[in-house]
Amino acid sequence: MSSGNSIFWNRDHKLAISTEVLFPLYAAAKHAFEAADTQYKMLTNLPTNRGKSMDETAADSSQFSADFLENEVMMHSKALLLLSCDSATAWNSRKLVISKKQQSSPSMDELLFSSLILSYAPKSENAWSHRRWVVKTIAGTHPNMEKIVYKESELVEKLAEKSKMNYRAWYHRCWLVSYLTRSQVLEELMKSKKWAELHVADNCCFHYRVQLLLKLLETSISKHGQDVSMNSYPELCRVWKEELDWDKMLIKRYVGREALWGYRRFLSQCWVQHFGIAARDGADLHGDDFNIKDVIHNFMADEIQLLQSCLTIRDDDFED
């Protein structure tokens with residue numbers, strides 16, 4: 001690396017490459033990857049029944065060649081993806097090699113590698129898709145799946161802060177909800193609340209909260225129907241009431257934000273469908289907050305009052 005005209009720059013674990021050499025590097029990386037990938041697939045597609053004329057030495061040589069070509073594919077695909085992260089062929093070749101190894105350590109390395117890709121390309125659809133494939137691969141075998149899901153959620157929030165309206169990142173976080181336990185769902189609701197308060201125009205975060213609440217509702221539905229289990233009813237009512245009050249506070253603070261009203265429609269529909277009807281029908285609930293006559297009528301009246309108050313704004317009020 002020359003001092004006056006540097007092609008590569010490396011400092012504090014960060015690498016920069018001069019734009020003048022990006023295309024030649026990409027062409028060389030693509031050529032090396034395609035050559036290794038072609039040889040690897042030709043070798044792995046050879047028929048397994050070779051006859052008794054092939055001795056053990058040839059078999060050992062074939063295995064050595066397979067291991068060598070696997071390393072070549074992984075190495076050259078990594079170089080190619082660092083230069084062009086949307087190469088679906090390179091990602092798929094890595095999947096093929098990892099699936100044949102059947103070990104958890106290569107998959108964990110893939111999470112680290114895809115994190116590196118996403119650090120400079122946070123909206124790469126292929127990188128997020130590859131990451132979901134890795135999580136599914138290790139889901140049934142990794143001893144500490146909760147920790148992995150927690151780190152995945154942290155990664156999404158970190159990248160969402162750097163890249164606004166990152167639908168792909170939030171979709172990944174919504175996809176992770178299926179792996180969350182009930183306690184993790186409640187924890188995620190608390191953790192994501194502060195972020196949502198600071199990004200009220202980002203509908204992706206509120207869509208994530210919708211998925212969390214639906215997961216919570218799903219785990220509370222009685223086995224014999226669509227009604228909420230009475231054991232879970234008080235806790236769910238409390239969670240929904242807190243969400244409604246919190247959303248109401250944000251609506252009054254940031255008048256006209258579509259994401260807040262869309263989220264409220266979801267909360268209101270679930271309240272009427274799962275909680276208000278049960279309370280109206282005389283469910284035996286504990287506490288004064290859950291023994292309200294004509295709860296649906298009162299709820300709708302409050303919603304109309306909120307709507308009317310937001311339609312009339314004094315001229316001397318500050319805008320958000």
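The points below comment on a predicted model, taking confidence, helices and aromatic contacts in turn.

1. Confidence. The mean pLDDT of the protein is 83, with 80% of its residues at 70 or more. Among the elements, helix H7 (residues 167-176) has the highest mean pLDDT, 95, whereas H2 has the lowest, 79.

2. The pLDDT is below 50 over residues 48-61, a stretch with 1 contact in the model beyond near neighbours in sequence. Residues 280-292 also have pLDDT below 50, but that stretch has 16 contacts beyond near neighbours in sequence. Where pLDDT is low, the predicted coordinates should not be read in detail.

3. Ser 77. This residue belongs to helix H2 (residues 56-83). Ser 77 counts as buried because its relative accessible area, 0%, falls under 20%. A polar atom of the Ser 77 side chain lies 2.7 Å from the backbone oxygen of Val 73. Apart from neighbours within four places in sequence, Ser 77 is in contact with Phe 33, Ala 90 and Arg 94.

4. Arg 94 and Phe 113. Arg 94, one of the contacts of Ser 77, lies over the face of Phe 113, at 4.6 Å from the ring centre. Phe 113 is itself buried, at 6% relative accessibility.

5. Trp 91 and Phe 113. The aromatic pairs number 11. In one of them, the ring centres of Trp 91 and Phe 113 are 5.8 Å apart; their planes meet at 50°, so the pair is classed as tilted. The pair links distant parts of the chain, since Trp 91 is in helix H3 (residues 88-101) and Phe 113 is in helix H4 (residues 104-120), 22 residues apart. Trp 91 is buried, with a relative accessible area of 1%.

6. Tyr 263 and Phe 266. These rings have centres 6.4 Å apart and planes at 25°, and the pair is therefore stacked. Both residues lie in helix H11 (residues 258-280), 3 residues apart, about one turn of the helix. In an α-helix there are 3.6 residues a turn, so residues three or four places apart point the same way. Tyr 263 is buried at 2% relative accessibility, and Phe 266 is buried at 14%. Ring pairs join Tyr 263 and Phe 266 with Phe 206, Trp 240 and Trp 246 in a cluster.

7. Helix H5. This helix (residues 125-138) has 14 residues and spans 20 Å from its first C-alpha to its last, close to the 20 Å expected at 1.5 Å a residue. Its buried residues include Trp 128, His 130, Arg 131 and Arg 132, together with Val 134, Val 135 and Ile 138.

Methods
Residues numbered from 1 in each chain as written. Heavy atoms only, no water. Helix = DSSP H or I, 4+ residues; strand = E, 2+ residues; numbered from the N terminus. Buried < 20%, exposed > 50% of the residue type's maximum accessible area, 1.4 Å probe, protein only. Polar contact = N/O pair within 3.5 Å; in protein donor to acceptor, adjacent residues only side chain to side chain. Contact = heavy atoms within 4.5 Å. Expected span 1.5 Å × (residues − 1). pLDDT = per-residue confidence, 0-100. Phe/Tyr/Trp six-rings, centres within 6.5 Å; stacked < 30°, edge-to-face > 60°. Lys NZ or Arg CZ within 6 Å of the ring centre and 35° of its normal.
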